[in-house]
Amino acid sequence: MRTTLTLDDDVIDALKERARRLDQSFKQVVNETLRRGLSPVAAESRPPYRVNPHRSGFRTGVDPLRLNQLNDELQADGFVSEKLK
């Protein structure tokens, strides 16, 4: 069936870019996008995104309680070197 649609410029640009990337016609991309958007199963078919946390401790010899002190020392050294220029 042939019909006329009025689309926003940003939607047209996104569809044209997708058509170019997928090497498909504009019509194919529009139809595929509409089908996915109208399908209630499409949104639910993906498994939920999960984050798997892991421990990432400091290397041996790094004292996390002294990191603020190290930061202060580095800032002080930077301040002094700027004043000497």
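How many salt bridges does the count come to? In this predicted model, the count comes to three salt bridges. Side chains of opposite charge can pair when their charged atoms come close.

One of the salt bridges joins the side chains of Glu-17 and Arg-20, with an N to O distance of 2.5 Å. Both residues belong to helix H1, which spans residues 9–22. Because Glu-17 and Arg-20 are three residues apart in helix H1, about one helical turn separates them. The two partners fall into separate accessibility classes: Glu-17 has a relative accessibility of 32% and therefore counts as partly exposed, whereas Arg-20, with a relative accessible area of 56%, is exposed.

A salt bridge is also formed between the side chains of Glu-32 and Arg-18, at 3.5 Å from N to O. This pair links distant parts of the chain, with Glu-32 in helix H2 (residues 26–38) and Arg-18 in helix H1, 14 residues apart. Glu-32 has a relative accessible area of 28% and so is partly exposed. Arg-18 likewise counts as partly exposed, its relative accessibility being 25%.

Glu-32 takes part in a further salt bridge, with Arg-36, in which the closest N and O atoms are 3.4 Å apart.

The largest pocket has a volume of about 330 Å³. Its lining includes Met-1, Arg-2, Thr-3, Leu-5 and Leu-7. Also among the lining residues of the largest pocket are Phe-26, Lys-27, Val-30, Asn-31 and Leu-34. By residue class, the lining of the largest pocket divides into six nonpolar, two polar and two charged residues.

How values were computed: Residues are numbered from 1 along each chain as its sequence is written. This is a predicted model: local features need pLDDT of at least 70, side-chain atom pairs count only at pLDDT 80 or more; totals for chains, interfaces and linings use all residues. Side-chain values use heavy atoms; hydrogens and water are left out. A salt bridge is a side-chain nitrogen of Lys or Arg within 4 Å of a carboxyl oxygen of Asp or Glu. Helices (H or I, at least four residues) and strands (E, at least two) are DSSP runs, numbered from the N terminus. Buried means under 20% relative accessible area, exposed over 50%, partly exposed in between (1.4 Å probe, protein chains only). On a 1 Å grid over the protein atoms alone, a cavity is a set of points where a 1.4 Å probe fits but cannot get out, and a pocket is an open set with protein on both sides within 12 Å along at least five of seven lines; lining residues have an atom within 4 Å of a point. Grid points are joined across faces, edges and corners, and a volume is the space filled by probe spheres set on the points. Ala, Val, Leu, Ile, Met, Phe, Trp, Tyr, Cys and Pro count as nonpolar, Asp, Glu, Lys and Arg as charged, and the others, Gly among them, as polar.
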